[in-house]
Amino acid sequence: MTGATDPVLPDPVLPGPVPPGGRLLAGAAGACRTLAVLLLVAMSVLVVGQVLGRNLLDLGMPWADELARFCGVALVFLCVPLLALQGRHVAVELVPMALPAPARRWTGLVVELCILAFALFFLFGLYRFLGRAWKFATPTLGIPNWVFYAPAVVAMALLALVTLARLVALLRGETPPGSDQALP
């Protein structure tokens, strides 16, 4: 039974202040995280199945290697938007922490602009690559390249949106989630 005195549980996807578009982005990033967890489970089962099949049944399963590789690469890409939204991506804070408060804010803006440029450059590169390679398929399973690279496209598009939301928050004078140490 729920009541008015029930504690409000913190949002596991988006703790702290919410950047513009944050709830929508948090939902998309949370869905990516869920899919990434399922891919991790699938990858684990595939690798264990491949080892057992090879060692116990003398059975080669090259398709399992290809699918496990897909799962591993896809889960890494799919976690990127969530990490960026929470401000938990890899960051070197030594320089920003040594700067005065106004310079830290400008450094944060430059960092977010660099991340946005990276995401857009990556998307452009995928667009150029898939423009030629979309019709080909993977060697063992025959997965079309556009399906194989779809997680990277989704992740980089979400990363660009997350970065835009963080930029808007910085320009409004707000501190995006995860930036509380590096920004005033």
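Which aromatic cluster do Phe129 and Tyr149 belong to? Select Phe70, Phe129, Phe148 and Tyr149: together they form one aromatic cluster. Before going on, note that this is a predicted model, where local features need pLDDT of at least 70, side-chain atom pairs count only at pLDDT 80 or more, and totals for chains, interfaces and linings use all residues. Residues are numbered from 1 along each chain as its sequence is written, and side-chain values use heavy atoms, with hydrogens and water left out.

Stay on the rings. There are 5 aromatic pairs, counting Phe, Tyr and Trp rings (for Trp, the six-membered one) with centres within 6.5 Å; planes under 30 degrees apart are stacked, over 60 edge-to-face, the rest tilted. Phe129 and Tyr149 are edge-to-face, because their ring centres sit 5.2 Å apart with planes at 75°. Phe129 lies in helix H4 (residues 101–133), and Tyr149 in the loop between helix H5 (145–148) and helix H6 (150–171), 20 residues apart. Phe129 is partly exposed at 31% relative accessible area, and so is Tyr149 at 27% (buried is under 20%, exposed over 50%, partly exposed in between, with a 1.4 Å probe and protein chains only).

Next, pick Cys32. Its sulfur is 8.4 Å from the closest cysteine sulfur, in Cys79, too far for a bond; a disulfide needs the two sulfur atoms within 2.5 Å. The structure holds 0 disulfides. Cys32 is buried at 7%, and Cys71 is buried at 3%.

Now zoom out to the chain. Of its 184 residues, 35% count as buried.

Definitions and conventions. Helices (H or I, at least four residues) and strands (E, at least two) are DSSP runs, numbered from the N terminus.
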